[in-house]
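Student: I have just opened this structure for the first time. Could you take me through it step by step?

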Amino acid sequence: METRGNLRLLFLLVSVLLLVLFTWLNLPYPYMPSNKAEILDCAASSPWCVSSNRLLKNPTRRPQRNHDHSSDTPLHPLDPLTIQEFNKVRRVVASHALFKSKSYVLHSVGLEEPAKSLVLRWKYGDPMLPRRASVVARVDGRSYVLTVDLDSGRVTRQERVSSSGYPSMTIEDMNTATSAPMKSSGFNRTIMDRGVDLADLVCLPVSSGWYGKSEEKRRLIKVQCYSMKDTSNFYMRPIEGLTVLVDMDTHQVVEIVDQGRNIPIPKAANTEYRYSAGNVHREVKLINPISLEQPKGPSFTVENGHTIKWANWEFHLKPDSRAGVIISRAMVRNPESGEMRSVLYKGMTSELFVPYMDPTDAWYFKTYMDAGEYGFGLQAMPLDPLNDCPRNAYYMDGVFAAADGSPYVRSNMVCVYESYAGDIGWRHAESPITGMPIREARPKVTLVVRMAASVANYDYIVDWEFQTDGLIRIKVGLSGILMVKGTRYTNMNQVPGSENLYGTLLSENVIGVIHDHFVTFYLDMDVDGSDNSFVKVNLQRQQTSPGESPRRSYLKAVRNVAKTEKDAQIKLKLYNPSEFHLVNPNKQTQVGNPVGYKVVPAGTAASLLDLDDPPQKRGAFTNNQIWVTPYNQSEEWAGGLLVYQSQGEDTLATWSQRNRPIENKDIVLWYTLGFHHIPCQEDFPIMPTVSSSFDLKPVNFFEINPILRMPPTGEDDLPVCKDAASA
C-alpha cells in the first residue's frame with residue numbers, strides 16, 4: 001500500500017512539473033534586451049511577428065478596423081465627399097427642376113475641387129473652403145454637368161455637354177447590359193445550339209468605341225459570353241464569334257452576330273488558378289514566407305484621415321472613382337532649413353488606352369478606355385492583406401455614388417506601407433590602398449501608396465513610391481487574365497502559313513491576342529512654386545578640333561527651354577537622348593542653378609497605329625510620351641470629359657493644338673507609360689505581373705545629397721525574430 005501511495009505521489013509531482021513547464025514555455029518572454037539585439041518570440045510578440053505558413057494553410061489576417069463613414073466630416077479642402085455630403089447631393093438633385101418628373105442617372109458624383117490658388121493659401125486651422133460637388137448626369141438622353149453648392153444646398157451651375165461621347169458607365173449599366181440578351185429567345189437558342197447550359201453562362205459588357213455615323217445618337221454596348229463550366233476562369237472559355245449589340249438606354253438587343261459556330265469552346269483543363277480550389281495544381285514550395293517586420297510600428301502617420309506624413313514627405317491622399325488614387329500637395333522637407341517645399345500639386349492616372357490588334361468582326365472594337373468608360377476607381381477591388389500589401393499597411397476606403405446618388409463604401413481600396421527590398425540608399429567604401437578604412441552604406445526604405453483595379457479580366461496595380469532622396473517613382477503592374485480568342489486549332493502545325501492568328505496559340509483552342517496598354521498620368525508639377533518651365537536637355541556629340549585632345553569626340557548638354565506646347569511634345573528616341581527638366585526659373589541654388597525635377601523615362605512603348613484609325617483618334621493622347629500644357633482646371637482627363645463612344649475631338653492632343661505659352665507658367669506634365677504585349681504560354685491561365693515605371697527625380701532641387709545625414713542601421717536597432725517552432 002505504501003509503495004502504491006508513493007507512486008501516486010510521484011505521478012502527481014511529475015504532472016505538476018509538466019504543467020509548470022508547459023505553462024512556462026507558453027508564457028511570453030520577458031523584455032530582456034541583449035547587448036546586441038532584442039530577442040522576440042513570434043508566438044508572444046504578435047501581431048507584428050507570426051509563424052503561420054501561407055503556403056500550407058490560410059494566412060493569418062490582421063483584422064481591419066471597420067470604419068464608420070457615416071460620421072465623417074471633411075477636414076481638408078481636398079478631402080473626398082463624405083456620406084452625408086453624398087446624401088445631400090442626392091436630395092438637392094432630386095428636387096431640382098431639371099430632374100423632376102424625368103428619367104435621370106447620375107454617372108459621376110465627386111468633389112469639385114476649390115480653386116488652386118485658394119487651396120495653396122489654406123492651412124489647418126483656417127475656415128474650411130466652400131464645399132461643392134461636381135455631378136455628371138444624363139437626363140432624358142442628354143448629358144449635363146452640374147455644380148452643387150453643399151453649403152447652400154443649391155445647384156449653382158448647369159451645363160449641357162455638346163461634345164460627342166457619353167459619361168462613363170455605371171455599375172447598373174453594366175448589369176442591365178449583360179442581362180438584356182437573356183431576355184432574347186434568339187440569343188438563348190444560340191447559346192444552347194453552341195452546347196452551353198444557360199446555368200453555366202456568364203457575359204461581359206464590352207465598350208464599343210466609335211466607328212461611324214451608324215453608331216451615333218445611341219448609347220451602345222457589345223456583350224460577349226463565356227462558359228464557366230468546371231472552372232472559375234471563364235475567360236479561357238469564350239463562346240467565340242458571338243457578339244450581342246445592346247442599347248444601354250432601352251435595354252433592348254439591337255443585333256446578334258454569331259460567326260463562330262465552327263469554333264469549339266476551349267476545354268477547362270488547367271485553367272483553374274485559385275489555391276483554395278484544392279489539388280488542381282501540385283504544391284510547389286519555392287520560398288518560405290517573408291515579411292518586413294516593424295516592432296515599433298510604421299514610421300508614417302495618417303492625420304485627419306487623408307494627410308500622410310513620412311520621413312521628409314507630406315501629401316494628401318484620396319481615392320477617386322475615375323482616377324483611382326489622387327496624390328495632392330506633395331511636399332518634401334529641405335534638410336538644411338526644415339522648410340516644406342512643394343513638388344507636386346496633383347498627380348493621378350488620367351486615362352488608360354488598351355487597343356487589341358485583331359481587326360475581325362468580334363474583336364475590332366476592343367479598344368478600351370478603362371478610366372473614362374468603366375471608371376478606374378470604380379473597378380478597384382479590396383486589397384488582400386499580406387498578399388497585396390504587407391503587414392503594418394494602412395488601408396483607406398473609397399466612398400462612391402451609385403446611379404441614383406446613394407453612397408456606398410469600397411473597403412480597403414488603397415493601402416499605404418513602408419517597403420524595404422534590400423536596396424541601398426547610398427554607399428561608398430574606400431580601397432585598402434588608400435589606408436582609409438571607410439565603409440559607409442545606407443538602406444533604402446520607401447513609402448508606397450498602392451491600389452489595384454480589376455477591370456474585368458485585367459488587373460492593374462498602380463504604385464506611387466516616395467523616396468527619402470526626394471524621388472517619386474510611379475509604377476504600373478499588369479496582371480490578371482488575358483482576354484483570349486477561341487480557335488479551331490489545337491497545335492501550331494495545323495495553322496496554314498498564310499493565316500494570321502493575331503496572337504499566340506496558348507493552349508488547345510485558345511489564342512492570346514496581341515494588344516497594347518497605355519497609361520497616361522496627369523502631373524501638375526509645382527516645383528518650389530507654381531510658375532515652372534519645361535527644359536529639354538539634349539545630349540549632343542561634339543568633335544574635338546585637330547590637335548586639341550587625344551579624344552576625337554565627347555558629349556555636350558544643350559538646354560532648350562520650351563516656349564509653347566508644341567515645343568514640349570516629346571517622342572522618346574534612343575539615339576537622340578535627352579533629359580526632361582521641370583524647373584523653377586525664379587529660384588536658384590546657391591551656385592546659381594534653377595531648382596527643378598526631371599522626368600526619368602523607363603521602358604516604354606509607343607503606339608504604332610495609324611493616326612487616322614478611329615481608336616487612335618480617340619487615343620491621340622498617346623501620340624507622344626510627354627506633353628506639357630498650361631494649367632487649366634477643366635483639362636484633367638486626357639481622353640476628354642465624356643469618353644464613351646467619343647469621336648476624339650476633346651482630348652489632350654486637341655487642347656495642345658492651341659500651342660499656348662508654357663514658359664515660366666503654371667504648367668502640367670503628362671506622361672504615358674506604354675506596354676506592347678505579345679502573349680506567351682507563361683501568361684496562361686493567369687499572368688505573372690509585368691511592371692514598368694518612370695521617375696520624378698530632383699535635379700538641383702537640393703543643395704547637397706538630402707539623405708547625407710541619414711544614420712546607418714546597426715544590430716542594436718533591430719530585433720531578431722525567432723520562429724515559435726524553434727524558440
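Tutor: The following conversation goes from the overall fold to particular residues. The model is predicted, so to speak of local features a pLDDT of at least 70 is needed, side-chain atom pairs count only at pLDDT 80 or more, and totals for chains, interfaces and linings use all residues. Residues are numbered from 1 along each chain as its sequence is written, and side-chain values use heavy atoms, with hydrogens and water left out.

Student: How many helices and strands are in the secondary structure of the protein?

Tutor: There are eight helices and 34 strands. Both are DSSP runs numbered from the N terminus: helices are H or I with at least four residues, and strands are E with at least two.

Student: What share of the residues is buried?

Tutor: Of the 727 residues, 50% are buried. Buried means under 20% relative accessible area, exposed means over 50%, and partly exposed lies in between, with a 1.4 Å probe and protein chains only.

Student: And what about contacts between residues 24 or more positions apart?

Tutor: They account for 68% of the contacts with a separation of 6 or more. A contact means heavy atoms within 4.5 Å.

Student: Which residues of helix α4 are buried?

Tutor: In α4 (residues 171-179), the buried residues are D173, M174, A177 and T178. They lie on the same side of α4, because they cover an arc of only 120 degrees around the axis. That arc is taken from the directions from the helix axis to the C-beta atoms. An α-helix has 3.6 residues a turn, so residues three or four places apart point the same way.

Student: What do they pack against?

Tutor: The buried residues of α4 pack against β2 (104-111), β6 (201-207), β7, β8 (242-247) and α6 (370-374).

Student: Changing topic: how many cavities are there?

Tutor: Four cavities of 30 Å³ or more are counted. A cavity is a set of points, on a 1 Å grid over the protein atoms alone, where a 1.4 Å probe fits but cannot get out; lining residues have an atom within 4 Å of a point. Points are joined across faces, edges and corners, and a volume is the space filled by probe spheres set on them.

Student: What lines the largest one?

Tutor: The largest cavity holds about 80 Å³ of space. Its lining includes Y226, W363, K366 and V484. Strand β7 (residues 220-227) gives the most to this lining, with three residues.

Student: Is E418 buried or exposed?

Tutor: E418 counts as buried, at 6% relative accessibility. This residue is in strand β17 (residues 407-419).

Student: Which side chain does E418 join in a polar contact?

Tutor: The side chain of Q294 joins that of E418 in a polar contact of 2.6 Å.

Student: Where is the residue D230, with its positive phi?

Tutor: D230 is in the loop between β7 and β8. Its phi is about 70 degrees, although D230 is not a glycine. D230 is exposed, with a relative accessible area of 62%.

Student: And which residues does the cis peptide bond join?

Tutor: The cis bond joins F684 and P685, with omega about 0 degrees. P685 is placed in the loop between β32 (665-677) and β33 (687-699).

Conventions. On a 1 Å grid over the protein atoms alone, a cavity is a set of points where a 1.4 Å probe fits but cannot get out, and a pocket is an open set with protein on both sides within 12 Å along at least five of seven lines; lining residues have an atom within 4 Å of a point. A polar contact is a pair of N or O atoms within 3.5 Å; within protein, one must be able to donate a hydrogen and the other to accept it, and residues adjacent in sequence count only if both atoms are side-chain atoms.
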